[in-house]
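Open the structure in your viewer and keep the selection tool at hand. Each stop below says what to select and what is there.

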Amino acid sequence: MQIQPTTRENAIQRRLRRPQRHRLLQGYPMDPLMNRDLPDSPTFPGWVEPARPLIVGVIPHPFCNPRVEGCGFCTFPHERFGRSKAVACAEAVAREIDVVGSRSPRRSVEAVYFGGGTANLTPVAQLRRLGFGLTQHFDLRSAEITLEGVPNLFLAHDEERLDWLAELADRGRISMGVQTFDPAWLAKMGRRAFGDEAVVAEVVGAAQNRGLTTSADLLVHLPGQPLAAMLRDIDRAVAIGLDQICIYPLVLFEGLGSAWSRDPDLLAARPRNDEAADAHARLRERLREHGYTPSTLTNFERGPRRFRYEVASFHPERYDAIGFGPGGITCLSNAEQSTKWLNAARADDYVARIEHEGRAVDRHFDLTGIDLQLLQLTRGLCLGGIDRLAYRDRFGADVLDHHGRVLREAVAEGLMHIGSRRIHLTTRGCFYADTVQGALAEQRVASLRHSRMDRRHLDVLGARQPMG
Ligand SMILES: C[S@@+](CC[C@H](N)C(=O)[O-])C[C@H]1O[C@@H](n2cnc3c(N)ncnc32)[C@H](O)[C@@H]1O
Ligand code: SF4
């Protein structure tokens, strides 16, 4: 006989038990909720304010070449690498930059991120073309510029990609996926050829010789991984002299779509949420002991330079963001509204659209009212909390008047603390930010899903005219 719960769980309590998804990239609303009934070629709306600070993301292609499908764990778009496909895709991205750039006023850019996957697998001729295209249409003179990728490729061809970056940027940064220094796990991920500890150290040295700063991603809470092993990875990353260390709790659950999410042994070896949250607190403390302070939920920095791109991307109320390339995300705002566009993610689809239309926007969503509040709140939580004064300035009321029920439930579970100026995540809350974000958006997401279903139903009945 099934035992019925005597009291109903609230959204926070229910989500605390579920896998945490740590949705840092996409933001609100997630792509399935965005609209596909697009005008042919969306252009920048008239209300865009060119004086607002701007960041630019460039995804040259979605290709990579691990030996295990998607490195086992990866939730980023990843298609099998082929040089000619990568060249064609990067050329299409250069075209998109020209088309979009020529339609908008020349704006100053605070930070550029060449990423989305393994951007350093882009041939240097195409990187040059992309960099040149950006400088034609945007003012990059004071921009931080980051190139993302796997460690060994920064050393390839006499380190020519590092030379390119150092020439392009006064504030250049490389960001590499290290994941772990443990050779057994690297083998399981099919990443042995991407570089071991010695290669990572060599890359850091080569970057530093050119005045570039360095960042590395570590995956933590691997199935069955003891806390001591995670701490060892952090200590080894620190010893190499990285300026920034990013720790990503592994997202893994049945149905996620990654190769590991189909492996019952790995699923069974995942830590329980409360164990992972405790371990996570210890990892954060270790980074602090080494002098690294958090700039976002995942990023920890040491040294005089503060990195800009990620922090800006979590402030949509202050920064516009333009995303070029497959899967690129654009989010433009003023005080009353935002508009969000998402490019086609698959390389062949993206390239075909750029060839035919010059643009590749696949979905869009216009945000006002509650959607604008949720965008600001969910992104702000990636920085650790909610600025009550900024919220009141923009929305004319205290955030507790609008979202008090969920925030108080989060406080009751020890995830948040309410201060007079700021409502912030506790150390435990930093692990469960996804729970708070999901609970804040839950009702609105349910009503958007409903209205989408209604629209589909009307389409099927032929009662709705297609939009022009
Ligand atoms: C685009 S990928 C990294 C760059 C490069 N392609 C590489 O593999 O080194 C960005 C980072 O996201 C993190 N990531 C990917 N899938 C993840 C997952 N399922 N859970 C947590 N973090 C993940 C990894 O740490 C990865 O380095
Ligand atoms: S982690 Fe990097 S190399 Fe591995 S599949 Fe994802 S994008 Fe490709």
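Helices (H or I, at least four residues) and strands (E, at least two) are DSSP runs, numbered from the N terminus. This is a predicted model, where local features need pLDDT of at least 70, side-chain atom pairs count only at pLDDT 80 or more, and totals for chains, interfaces and linings use all residues. Residues are numbered from 1 along each chain as its sequence is written, chains are lettered from A and ligands numbered from 1 in the order in which they are written, and side-chain values use heavy atoms, with hydrogens and water left out.

**Stop one: aspartate 401.** Select helix H14 (residues 399–412), where aspartate 401 is found. Aspartate 401 is exposed, at 60% relative accessible area.

**Stop two: helix H7.** Select residues 227–240, the 14 residues of H7. Its buried residues include Met230, Leu231 and Ile234. They pack against several elements, among them strand E7 (171–179) and helix H9 (273–289); contact means heavy atoms within 4.5 Å. Just after H7, glycine 241 takes a positive phi of about 95°.

**Stop three: the cysteines.** How many disulfides does a search of the whole structure find? The count is 0; a disulfide is a pair of cysteine sulfur atoms within 2.5 Å. Select cysteine 89. Its sulfur is 13 Å from the closest cysteine sulfur, in cysteine 64, so a bond is out of reach. Cysteine 89 is also buried, at 0%.

Definitions and conventions: Expected span 1.5 Å × (residues − 1). Buried < 20%, exposed > 50% of the residue type's maximum accessible area, 1.4 Å probe, protein only.
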